[in-house]
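Here are a few friendly notes to read alongside the structure.

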Amino acid sequence: MAEETIFSKIIRKEIPTTLLYQDELVTAFRDINPRAKTHILIIPNKLIPTVNDVEADDELTMGRMFTVAKKLAKEEGIDENGYRLIVNCKAHGGQEVYHIHMHLVGGAPLGPMLMN
Ligand code: AMP
């Protein structure tokens, strides 16, 4: 069994967060340490630690992460100019929280593709 992270507590609303969206598959909230004007995290409600752990059964949930990203980008008013979706995987990818998450960042030109 994978170990729970702080994101499981956010899903269960056990700790405060800026919850933006939740349904039966995914949850979205503002990143606590934003690195762009808009910085939102979209996560599966199921604990999937990394991209390496995604299974075929998770494809609906992975797709939902994209449709929720699109909806939130529109709500944030950044859909027209564009934005970036990032999923870090393990140490070399810079992943800190081992509950898979999609970063939705935008609100200004983001520069080169690789973030520091
Ligand atoms: P990563 O480096 O891809 O694992 O990203 C983890 C992200 O989670 C970072 O951008 C953190 O700022 C963010 N984060 C960690 N704890 C919280 C929290 N309690 N609420 C919101 N965002 C968080």
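1. Among contacts between residues at least 6 apart in sequence, 55% join residues at least 24 apart in the protein chain. Please keep in mind that this is a predicted model.

2. On the layout: the protein chain holds three helices and five strands. Read from the N terminus, these elements follow the order α-β-β-β-α-β-α-β.

3. On overall dimensions: the radius of gyration is 14 Å, which agrees with the value near 13 Å that a compact globule of 116 residues would have. The C-alpha trace spans about 40 × 30 × 30 Å along its principal axes.

4. Now the interior. Buried residues account for 38% of the 116 residues in the protein chain. The largest nonpolar core has 16 residues, and those touching the most other members are A28, I40, I42, M65, V68, L72 and L104. At least two residues of this core come from each of β2 (26-30), β3 (38-44), α2 (59-76) and β5 (102-106), with α2 giving the largest share, six residues.

5. L72 deserves a look on screen. Leaving aside residues up to four places away in sequence, L72 touches L20, Y21, A28, I40, I42 and L104. Another core, of six residues, lies apart from the largest one and includes F7, I10, I11 and F29.

6. Finally, the surface and charges. The protein chain has an accessible surface of about 7,400 Å², and carbon and sulfur atoms make up 53% of that area. There are 13 positive and 16 negative charges, whose mean positions are 6 Å apart.

Terms used: Residues numbered from 1 in each chain as written. Predicted model: local features only at pLDDT ≥ 70, side-chain atom pairs only at ≥ 80, totals over all residues. Heavy atoms only, no water. Core = buried A, V, L, I, M, F, W, Y, C linked by side-chain atoms within 4.5 Å. Buried < 20%, exposed > 50% of the residue type's maximum accessible area, 1.4 Å probe, protein only. Helix = DSSP H or I, 4+ residues; strand = E, 2+ residues; numbered from the N terminus. Contact = heavy atoms within 4.5 Å. Rg over C-alpha atoms; globule rule 2.2 N^0.38 Å. Areas by Shrake-Rupley, 256 points an atom, 1.4 Å probe, with all protein chains shown as cover. Lys, Arg positive; Asp, Glu negative; His and termini not counted. Charge placed at Lys NZ, Arg CZ, Asp CG, Glu CD.
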